[in-house]
Amino acid sequence: MTNEVSTLPNYIFDKLTGWRLNLPTHIEPGSRVLALYRVSTDKQLYHTEENDADIPMQRIRCREFCERMGWTLVCELQEEGVSGHKVRAEQRDKIQLIKEYTKEKKFDILLVFMFDRIGRISDETPFVVEWLISNGIHVWSALEGEQRIENHTDRLTNYIRYWQADGESQKISARTSNSMGVLTEAGHFTGGLCAYGYCYARLGRTNRRKQEVYDLEICEEEAYIVKTIFRLAADEGYGAQRLANYLNRKGIKNRSGKNWHPASIQGMLRNILYTGILRSGKSRSETQEQLRIIDDKTFDTVQKMLEIRSRERQAVRSAPLSTRGNALLSGNIFCGHCGARLCITTSGRNRRLADGSRGIRTRYTCQTKSRTHGDCDGQTGYTVEKLDAIIDSVIHGIFSRVCHLSKSDVLDACCNQELAEKKAILKKLEKDLSRAESDLSRLKTEITKALTGESAFSPQLLNEVIQNQEQRCSELRSKVCEAQAEWENEEAAMASIGEHYDELLKWSTVYDTASISAKKTIVSHIIDRVDVRRDYQLKIKLNISIEQFLVSLKGVNTNETPSA
């Protein structure tokens, strides 16, 4: 390195503010320099034509500057993929290391390519710089000169510099976010981790630099596992832990070849991408059918199950928290005397059962009665086999009202007549509106003739008639909108009844042969809550949608009487 500095000008222009920064009148040769290089993304680690501030370029410029100034470069620190706008100083290892070296007097000058390499946080970075200067460190930029803190003006300059850098980061972030959102809404993959079930693919799409970029496509081998996970969650009520155990027990490994973790399963169950919808921040795309692995109904069923089982909803949970065990009801059965939720308890293996045999006795137990001896005048427990048998008969009774009916019979009795009536009303109103608008058009033509003396009616009379006709047209338009809404609501109700019929019919065919997990899930879809009182007196509350469907069947001749 040379000590010749006479060729340097006595000032440097600040490219951010346009202000002239004076160089010190005396530069001490051999000053020890610590150089800090930073890039915000991993793409800037290596030199490319698109990057104008990558790590190699920063290193070259800083080394050249040290040589020109006659300083000794003693340390170089490099931060890779660290945002100076989002990551605060206490979370940046290199900034903390610089502070340690400052206290140990290991260097004299902190050199960066531009000052925003230190950071871009307006309420923090200026004070980091001021702390360094107050501890005897000269803070230099190879492009902008030295930052001094000698007076109030210097402090203001220091703050404005990073306030501007902060603002630029916010603008860049907003532009990037908006650009990503537009691409996502257009149905394009904007980068990030490839979700399990998909793989990266080059499909010919290019960015604005004419570089081919990655899209997603379904990986059939992984997609089969995804479908299995959602099927077990939706049909048998498997939770994340149980799903992870199931996959690990089957020897099915994750993409890294390791055992599945429940957190990974939980993230998959909530990932809307499996329905074919891309997302980036708050932006969502239309459904991309080529990316769909899970149908909307299955995905919605799983989301409702996760919501019901969440800790926040645990106090009002109606669905079973777990589908393990042989008890048909768990999570949605309550004591009819004190309102406490009943839990499952078991007694010794050699206990004599009601049928004379010996084994484990399983009961639904009221915790208020058994543990706290609180204000509950009900039974302590109810035998699982006896209570489940009653619920089982109720479920079969509901199925008996549906299984022998055709879908057309149900829809005809429930909706078709009302739908036809509402359609007829809508058509009549649309016809009346069309006639009224035609009359209004003729009246407006007639008033032109009245103004030229060609009509038998006076303009005043025609004006009054036109106002009345316009009011009638406005009223008819409102009625048409109301009738249209009623007809669409009836169509939606009809579709809902059809869906409930299909569900109940499917459940009725698999219920008797299903696993206990699947049975518990079916029961939770049909029954919202069961309150049991002494002598097994039950109050059963059906889920609202199922109850409304059964009410709509009252007009259908079922020839069956459901069990009570």
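Guide: A salt bridge is taken here as a side-chain nitrogen of Lys or Arg within 4 Å of a carboxyl oxygen of Asp or Glu. The model under discussion is a predicted one. Glu 124 and Arg 88 meet the criterion, with their closest N and O atoms 3.4 Å apart. Glu 124 belongs to the loop between β5 (109–112) and α3 (125–134), whereas Arg 88 belongs to the loop between β4 (72–79) and α2 (93–103), so the pair ties together parts that are 36 residues apart in sequence. The two partners may also be described by their accessibility. Glu 124 has a relative accessible area of 11% and is buried, because buried denotes a value under 20%. Arg 88, at 31% relative accessibility, counts as partly exposed. This pair also belongs to a network of salt bridges, in which Arg 88, Asp 123 and Glu 124 are linked.

By the same rule, the count for the protein comes to 21 salt bridges. Two further examples involve helix α11, which spans residues 407–451. In one of them, Glu 437 forms a salt bridge with Arg 477, and the closest N and O atoms are 3.3 Å apart. The pair links distant parts of the chain, since Glu 437 is in helix α11 and Arg 477 is in helix α12 (residues 459–510), 40 residues apart. Glu 437 counts as partly exposed at 33% relative accessibility, and Arg 477 is likewise partly exposed, with a relative accessible area of 37%.

The other example lies within helix α11. There the side chains of Asp 439 and Arg 442 meet in a salt bridge, at 2.1 Å from N to O. Asp 439 and Arg 442 are 3 residues apart in the helix, so about one helical turn separates them. Asp 439 is partly exposed at 27% relative accessibility, while Arg 442, at 52%, counts as exposed.

Phe 457 has its place in the loop between α11 and α12, and its relative accessibility of 46% makes it partly exposed. Together with Leu 461 and Val 465, Phe 457 forms a nonpolar patch on the surface, with about 250 Å² of accessible area in total.

Leaving aside residues up to four places away in sequence, Thr 184 touches Thr 190, Leu 278, Arg 279, Ser 280, Ser 283, Arg 284 and Ser 285. Val 182 is found in helix α4 as well, within residues 152–185. Val 182 has a relative accessible area of 48% and is partly exposed. From Val 182 to Ser 285 the C-alpha to C-alpha distance is 9.1 Å, although the two residues are 103 positions apart in sequence.

Strands of a sheet pair through backbone hydrogen bonds, in either a parallel or an antiparallel manner. In this protein, an open sheet of 3 strands has the order β13-β16-β17, and its pairing is antiparallel. At the edges stand β13 (342–346) and β17 (381–383), each with a single partner strand, so one side of each is left without a neighbour in the sheet. On average, neighbouring strands of this sheet are turned by 35° against each other, direction ignored. Strand β16 (residues 362–366) is joined to β17 by 3 bridges, and the two run antiparallel. Tyr 364 has Tyr 382 as its bridge partner in β17.

The chain as a whole gives the setting for these parts. The protein has 14 helices and 19 strands. Of its 564 residues, 41% are buried. Among contacts in the protein with a separation of 6 or more, residues 24 or more positions apart account for 63%.

Terms used. Residues are numbered from 1 along each chain as its sequence is written. This is a predicted model: local features need pLDDT of at least 70, side-chain atom pairs count only at pLDDT 80 or more; totals for chains, interfaces and linings use all residues. Side-chain values use heavy atoms; hydrogens and water are left out. Two strands pair if DSSP finds at least two bridges between them. Helices (H or I, at least four residues) and strands (E, at least two) are DSSP runs, numbered from the N terminus. Axes are lines fitted to C-alpha atoms, for helices over the stretch in contact, and angles run from 0 to 180 degrees between N-to-C directions. Buried means under 20% relative accessible area, exposed over 50%, partly exposed in between (1.4 Å probe, protein chains only). Contact means heavy atoms within 4.5 Å. Patches are made of residues with over 30% relative accessible area and no salt bridge: like charges are joined within 9 Å, nonpolar side chains (Val, Leu, Ile, Met, Phe, Trp, Tyr) within 5 Å. Accessible areas come from the Shrake-Rupley method with a 1.4 Å probe; for residues, only the protein chains shown count as cover.
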